[in-house]
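Hello,

I am passing a structure on to you. Please open it alongside this message. My notes follow below.

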Amino acid sequence: MSAPDEHALNRGEEEGEMAEMEGDEEDEGVEMEEEGDAGKKVYVPGIEPLQPGEELEMDRSAYRMYHECQTGAPCLSFDVMKDGDGDGRQQFPVSMLLCAGTQAETALKNRLLVMRMHNLHGTEKENEEEESSDEESDEEEEEDKKPQLELAMMPHYGGINRVRVTQYGELPLAAVWSDNGQVEIFDLRPQLEAVHSSAAMATFVQQQKEATPLFSFSGHMSEGFAIDWSPKVPGRLVSGDCRKNIHVWEPREGGASWQIDQRPFSSHSQSVEDLQWSPTEATVFASCSVDQSIRIWDIRAPPNSMLSANEAHSSDINVISWNRSEPFLLSGGDDGLLKVWDLRQFKAGRPVASFKQHGGPITSVEWSPVDSSVFAASGADDVVSQWDLSVESCDVGARVEGVKDLPPQLLFLHQGQSEIKEIHWHPQLPGVMISTALSGFNVFKKSVSL
């Protein structure tokens, strides 16, 4: 494993456009390469600050794929929608479907978006030996490789705090926490049809009106951020608010309607920041809170939690992620720490691993959907980090000078966005990660050589 790489990215494109990362001739700065490349050095945040006049320049060899896009108002939450193109896709170009919600300047300017990104090529040129020197054919090839983006936007009154999607029978659904204090469920079929057909898009735009939810719940009495669909029971949902209350939603048979117990789960003493259903136990979920605790609940035994780790972090706990195949829970807090908890030893209240790499509060964490030892995190330091718990110190070869003190489990650092809020691995494209920030979206995959 070579040293982690981190890269400054160029400015975003205009609204609704995607761009493949290209070098900016106006940018001069420090290029991140291993020692031995003349005039180049590795930059790692937190190790050595940039000097006056220095800027970062992207090292394209660190990426197998990199694209960026903007959607107008920033989307501070999104989710990946599975498509019908199959799992484990490795060949380029790739495509993907995302659902996102905006946080615009005014309530009336917000949108619930479905995005179809396609024709996403890798950064490495394929079949180099077959490349023609003919200038015209090269231009045609570049035109053919331009990434494409279709956006279907529904007006939504109120800023969208968090979006999570699921498939419920034939219905592609989005659960939306908005700053008006409601949790709403939306049918995404019209938007999905629009991003796949120009005729459907024309009709969609012509008939566009404010998004009408299939179902909404205003019983939280305050806004919130925590929400998660059950991976085991289709249509089952859990939502938590800034007043410490958690509600479980049960789908009703025969239609898109939900029954919500008005009695909340209420062991937390402060705002519930994130929720995660167990990937194996249908009735169990986890929560984290501003009260610095992580709790495990069973919906068969309301209203109190079964297990808790009090003072799990020294400050607010912002995000958690439940490993899909191992009994591990990952947490990130305002203290900048990433902690891995073994649920078999949860009562002891001590993590089995703890990392301090980020220079600000952790804003998002997620285990890889295809590798149970790999996870990623983002922080208020504008960095996305990727980690592999299976790496031991003895597995690491010569490190680049100046970064020898980094944890051996740290695989990759990605930089260049401003105010990163949420990250997700793509479940059908191994190694592909999407991040959203105030400055827009990044879609990337690190090079296999790292």
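Bear in mind that the model is predicted.

C288 has 0% relative accessibility, so C288 counts as buried. C242 is at 32% relative accessibility and therefore counts as partly exposed. The cut-offs: buried is under 20%, exposed is over 50%, and partly exposed lies in between.

Next, the sheet. Four strands make up an open sheet. Their order is β17-β18-β19-β20, and the pairing is antiparallel. Which strands sit at the edges? They are β17, residues 272–277, and β20, residues 307–309. Each of these pairs on one side only. From one strand to the next, the twist averages 20°.

A closer look at one pairing. Strand β19 covers residues 294–298. Three bridges join β19 to β20, and the two run antiparallel. I296 has L307 as its bridge partner in β20.

Last, Q409. This residue lies in a loop between two strands, β27 (383–388) and β28 (410–415). Is Q409 buried or exposed? Its relative accessibility is 15%, so Q409 counts as buried. What does Q409 touch, leaving out residues up to four places away in sequence? The contacts are F355, Q386, W387, D388, L389 and V391.

Best regards

How values were computed: Residues are numbered from 1 along each chain as its sequence is written. This is a predicted model: local features need pLDDT of at least 70, side-chain atom pairs count only at pLDDT 80 or more; totals for chains, interfaces and linings use all residues. Side-chain values use heavy atoms; hydrogens and water are left out. Two strands pair if DSSP finds at least two bridges between them. Axes are lines fitted to C-alpha atoms, for helices over the stretch in contact, and angles run from 0 to 180 degrees between N-to-C directions. Buried means under 20% relative accessible area, exposed over 50%, partly exposed in between (1.4 Å probe, protein chains only). Contact means heavy atoms within 4.5 Å.
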